[in-house]
Every structure is written in C-alpha cells, then in structure tokens.
Amino acid sequence: MGRTIAVMAQLTTRGFDLVYDVAGDGSHSPLLWGHGLTSSRGIAAAYPLIDLKPVEADRPVVRYDARGHGMSSVITDASKGSWAELAQDQIALIDHLGYDQVVVGGVSMGAGTALHAALELRDRLDKMVLVIPPTGWEERAPQVDLYEQMARVVEARGPKALIAASAEMPPPDPFVGTSEHADRRAGSLGSADPARLAACFRGAAFADLPSLEAIASIATPTLVLAWSGDPGHPVSTAERLGEALPNVHVSIASTRADFDTWTDQLHTFLAT
C-alpha cells in the first residue's frame with residue numbers, strides 16, 4: 001500500500017495563498033481534485049461524494065482549497081472567482097509540484113475548473129473526472145441571478161438562512177426520502193464566514209463552462225458522473241458534455257443504488 005498521510009502546504013501564486021495537501025504515492029499520474037462551491041478540503045473529506053482513499057494506494061492525490069474557500073485567501077474582486085481563474089491556480093499548483101502528467105477532476109465548481117484546466121494542459125492530461133457538472137452556457141443566467149440573491153441573504157441574515165431555505169428544497173433524486181443531502185448542505189455552510197461566503201457566490205457569477213466547441217477538442221478519456229433532480233447540476237449539462245467530448249463515459253444516478261456505484265466507477269476508470 002502507498003503512503004496515505006496527508007502533508008499540508010501552501011503555495012502563493014497569482015496574488016493568492018492556496019493551501020493544499022498531498023496524500024498517497026505510486027507510479028500512476030497524480031490526481032488533482034477540486035471541491036465544490038462553498039466547500040473546502042475539510043468539508044469534502046467530511047461529506048465525500050466519492051471515496052478517494054483507495055486511489056492513494058496507486059497515485060498521489062492532491063486536494064486544495066480553491067481561492068476564497070477553506071484556508072486559502074479571500075476573493076476581494078468578484079471577477080477573480082471564475083472557473084477560468086481557478087483553473088490557472090490549479091495549473092500553477094501542478095507546475096509547482098513538478099507533475100508532467102496529471103488526472104484532473106472535481107465536484108461541481110471543481111468540474112468546471114477541471115474543464116478549463118484541461119484546455120491548457122492538453123498532452124499533460126492523462127484522464128479527467130467530472131462529478132455533478134453544474135449549469136452552463138445559456139442555462140447559466142438564472143443561476144447567476146440566484147448567486148447574487150444568496151450573497152445578499154448571507155450578508156443580511158447569515159449562513160443559517162441559506163441552510164433553512166435549502167432544507168425546504170427537494171434533494172437530488174438519489175437522496176429523496178433522507179436528510180443526507182440537507183445534512184451535507186448544512187455541513188458546507190454552517191461554519192462559513194458570511195463575508196467570505198458572499199464573495200464566493202459573487203465570484204461564481206462570473207463563472208461558466210468553456211464553449212462546447214472548445215470542449216470538443218479535449219480528447220483525453222473522461223468520466224462524467226451526474227445525478228437527476230438537481231437544477232443546479234442538471235442532467236442536461238452531463239448530456240451535452242457527453243455529446244461534445246470525443247472520449248467520454250456519462251453515468252446518471254437516479255437512485256441511491258446508482259449513486260453508490262460512483263466510487264467503484266471512478267476506481268475502475270482510473271485503473272483502465
């Protein structure tokens with residue numbers, strides 16, 4: 001078995017301090033993993049959608065706090081919170097660690113970041129994993145308006161107001177009938193600083209996926225894992241990625257049993 005002790009460090013790049021850790025070892029290409037909006041390394045570890053621990057036996061796994069999140073620097077200019085900007089941070093981290101070839105992936109915002117990074121990494125990209133890819137393209141505008149509303153709510157009433165509002169919304173289909181998704185949301189928002197959280201929401205308003213034409217040029221093997229019943233991470237995004245990417249497998253979870261296969265699907269994909 002490879003080394004599994006996470007070693008935390010910090011990189012200062014492009015005006016931001018990024019806190020990251022590296023766990024695992026092995027001869028396979030390192031995995032750079034990005035968390036979702038309002039999350040962090042710590043929150044993602046506490047509420048994982050996919051268990052990455054077994055991956056550490058075969059390759060280094062790099063987790064980091066995206067700018068504005070976790071222990072990394074706050075976003076003071078909302079335009080610097082786009083996924084294209086986050087992708088540049090990810091590439092700087094890859095270069096800093098000296099990796100020639102990598103696997104990039106992540107959840108929601110992390111998936112958007114990976115797509116932008118892939119367009120620059122090109123031959124350095126071994127594989128790509130996109131988990132619950134978010135709204136994009138012409139579907140993005142309503143989400144942008146929602147981010148501004150959420151930022152104002154957080155500033156006026158704090159994160160608990162968002163937690164209460166999200167608890168009243170139907171969960172994604174795999175979590176219907178349980179409180180698990182609401183618990184994840186509460187864990188992600190509960191201890192957040194209102195000013196930092198509002199800045200993250202406003203930064204996300206500048207974010208979008210790359211054009212479908214650009215995405216079609218990414219030939220690397222890609223795994224897309226999506227779920228149904230979530231307007232913020234619609235099946236339509238996964239389907240359009242499946243149509244645009246030339247070397248992709250798309251898996252849609254509509255039940256808990258479907259969702260429970262995600263970890264095995266990831267490990268099989270990386271091992272193939």
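Colleague: How many nonpolar, polar and charged residues are in the lining of the second largest pocket?
Modeller: This is a predicted model, where local features need pLDDT of at least 70 and side-chain atom pairs 80 or more, while totals for chains, interfaces and linings use all residues. A pocket is an open set of 1 Å grid points where a 1.4 Å probe fits, with protein on both sides within 12 Å along at least five of seven lines; lining residues have an atom within 4 Å of a point. Gly counts as polar; Ala and Cys are among the nonpolar residues; Asp, Glu, Lys and Arg are charged. The lining here has 4 nonpolar, 8 polar and 2 charged residues.

Colleague: Which residues lie nearest the centre of that pocket?
Modeller: Residues are numbered from 1 along each chain as written, and side-chain values use heavy atoms, without hydrogens or water. The second largest pocket has 14 lining residues. Helix α7 (a DSSP run of H or I, at least four residues) gives the largest share of them, 3 residues. Nearest the centre lie Thr38, Gly70, Ala192, Asp193 and Arg196.

Colleague: How many salt bridges does the structure hold?
Modeller: A salt bridge here puts a side-chain nitrogen of Lys or Arg within 4 Å of a carboxyl oxygen of Asp or Glu. One of them joins Arg14 and Asp89. The structure holds 16.

Colleague: How many residues apart in sequence are the parts that Arg14 and Asp89 tie together?
Modeller: The closest N and O atoms of Arg14 and Asp89 are 2.9 Å apart. Arg14 sits in the loop between β1 and β2, and Asp89 in helix α2, so the pair ties together parts whose separation in sequence is 75 residues.

Colleague: Is Asp89 buried or exposed?
Modeller: Buried means under 20% relative accessible area, exposed over 50%, partly exposed in between, with a 1.4 Å probe and protein chains only. Arg14, at 39%, is partly exposed. Asp89 has a relative accessible area of 1%, so Asp89 is buried.

Colleague: Which residues are linked with Arg14 in a network of salt bridges?
Modeller: Asp89 already pairs with Arg14. The network also takes in two further names. Linked with Arg14 are Arg67, Glu85 and Asp89.

Colleague: Where does Arg124, the salt-bridge partner of Asp95, lie?
Modeller: Asp95 and Arg124 bring their closest N and O atoms to 2.9 Å. Asp95 is in helix α2, 29 residues from Arg124. Both are partly exposed, Asp95 at 43% and Arg124 at 26%. Arg124 lies in the loop between α3 and β6.

Colleague: Which helix holds Arg240, the residue paired with Glu138?
Modeller: The closest N and O atoms of Glu138 and Arg240 are 2.6 Å apart. Glu138 is exposed at 57%, whereas Arg240 is partly exposed at 24%. Glu138 lies in the loop between β6 and α4, 102 residues away in sequence from Arg240, which is in helix α9.

Conventions: Helix = DSSP H or I, 4+ residues; strand = E, 2+ residues; numbered from the N terminus.
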